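Hi,

Here is the structure I promised to pass on.

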Amino acid sequence: MESLQHEERTFAPPAEFAQQANASAQLYEEAQEDRLAFWEKQARDLISWDKDFTEVLDWSNPPFAKWFADGTLNVAYNCLDRHVEAGNGDRVAIHFEGEPGDTRSYTYKELTEEVCRAANALTELGVKAGDRVAVYLPMIPEAVITMLACARLGAAHSVVFGGFSSDALHSRIMDAEARVVVTADGGYRRGKASPLKPAVDEALSAGDTPVDHVLVVKRTGEDTDMVEGRDQWWSDVVGRQSPEHSPEAFEAENPLFILYTSGTTGKPKGILHTSGGYLTQVAFSMRTVFDLKPETDVFWCTADVGWITGHSYVAYGPLACGVTQVMYEGTPDTPHQGRWWEIIEKYGATILYAAPTAIRTSMKWGEEVAQKYDLSSLRLLGSVGEPINPEAWMWYRRVIGGDRCPVVDTWWQTETGAHMIAPLPGVVETKPGSSQCPIPGVSVDVVDDNGKPVGNADAGYLVVTEPWPSMLRGVYKDPERFKETYWSRFENMYFAGDGARRDEDGDIWFLGRVDDVMNVSGHRLSTAEIESALVSHPAVAEAAVVGAADETSGQSVVAFVILRGSAQPDDSTVEELRQHVGKEIGAIAKPKRLHIVDELPKTRSGKIMRRLLKDVADNKQVGDATTLADASVMDVISQSVQQGA
Ligand code: PRX
């Protein structure tokens, strides 16, 4: 784990920006003075409650938090109806840009009607408060409409990223016990229609799931098999519903969604988020970290709704604030490498929120590509998902932000629900590559192995020291795993799983995960999950997976595999195993490199030393191998990798 020791380039907030900024230094002071009173104020200012709450935080049974517990609200009402009631019904909520160039815009009034129709349709299918609905859709407005329809009914959604395989969908449906799946015939990716519905059919083929209804959005118009009695077209069922629906108020702690994410073991965790606290912190961060002005901004978060960033900053954050946002279906280079910049020019986007991997890819394509477009509407740039190296940060600021837009690097996780560490623009002097300091109302620290805070210029583990409103409420159906994973490493502190260091100014720099979680293009993958996918193939005896450093994607998946006796260590086996991982988990998890080896480095107690394999994958001098049961193993592996390369 390495990072720059010194970063002397800092950027004071531009005076003009600071003058109009929503945030101020006072906000930090207020939160410092009384954290709970601070969040109480945010919850009242930003959210419309049906019944007011009397208690801010109930932390009587840690680590199980309840925020604003006796208050009631409807999350969809907060994201839709209240904006219409306030006279903003004609404001565009979503400008949708399909990959082939088709477009659709929904005003807040239209979006409210669509969500009401979808809520009525789900009710017709038997969905009630407390149920779970699986959502397996491309980046199209129906994804957001379905999520909000669930929220409106008090049912929890479980969105499964459209790039995940049928097996991944199946295990998530089973764990969440979802009764309804909302999907599409397909979506457009890289210039072609890519089918989605067949994966749903496969996931349901064994007949062991509780799913009795599948709603299918027609997106590509490709031939699609429909199962009689189970599958119905969205346009038929939703289309015939009334555009009216009275939202019922639910308790603040009513589950809003489950989102599965990779952990240290092979089985993804169902991260559970609830309503009132989540929406409060998401809306607060929209206002302060993105300096959002709902009347004039055009916000664009490029993340897919299948990830937490798309939940908090496509579905809930922008709509809770009533801003206009852009939603784009496809890849950044289809049909040409300037597509993102063309979209910014077309819609006059003012705030862009993207991942470092996309920025590094654009750097590779060359700045001339972006320079062909008018990006002068932009006023703020955000980064998320992985550490942003200072050079990419500088490029982002200069080429995309025209040297005038503050860049905010936002650190957070599926588990934290919303931004946790980020400089507030207009207040904090920004520093390339660092997420810097927690947002007001959030308390974090960097601690050593014994849980003691490290000094400035030292490295350790990132912890959150006080509960926060948008925190996960648990791992679905697994309270022990929740305690064990996040709250057992250090007493009374949330263990994030990230290495971090403070620089001389006390600013926080992220150093990557300290557990067996990889970050590939800002997507979170587990080494254990890919290993178990590999060993489920009959040709594989053992497998070890590491994340190797990668210039563009941050990390890439590298696998070391021992074959069973009769299997042939040739190229077709390598390709077959890569495809197998794609089938088990999804294309994003396919190893970029797969090495067939005779042995894996193990300690005397039989634990695989991935650290040494990572050195090989990174093409580095192999580190201390003295604890290996057989010290010569690493030479053999290095040699065979070099020969294979
Ligand atoms: O390692 C951190 C990295 O992404 C992990 C969380 O992944 P996920 O739950 O998929 O959520 C990603 C989007 C919020 C973290 O544990 N990470 C996220 N943002 C940053 C980051 N690492 C460094 N800097 C960031 N800004």
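A word on terms: buried means under 20% relative accessible area, exposed means over 50%, and partly exposed lies in between (1.4 Å probe, protein chains only). This is a predicted model, in which local features need pLDDT of at least 70 and side-chain atom pairs count only at pLDDT 80 or more, while totals for chains, interfaces and linings use all residues. Residues are numbered from 1 along each chain as its sequence is written, and side-chain values use heavy atoms, with hydrogens and water left out.

The structure holds 46 salt bridges (a side-chain nitrogen of Lys or Arg within 4 Å of a carboxyl oxygen of Asp or Glu). One of them joins Arg 339 to Glu 97, with the closest N and O atoms 2.8 Å apart. Arg 339 sits in helix α13 (residues 339-347) and Glu 97 in strand β4 (residues 92-97), so this bridge ties together parts 242 residues apart in sequence. Helices (H or I, at least four residues) and strands (E, at least two) are DSSP runs, numbered from the N terminus. Arg 339 is buried at 3% relative accessibility, and Glu 97 is buried at 4%.

Another salt bridge pairs Lys 293 with Asp 291 at 3.0 Å, N to O. Lys 293 is buried at 18%, and Asp 291 is buried at 0%.

Finally, Arg 489 and Asp 449 form a salt bridge at 3.1 Å, N to O. Arg 489 is partly exposed, with a relative accessible area of 35%.

Best wishes
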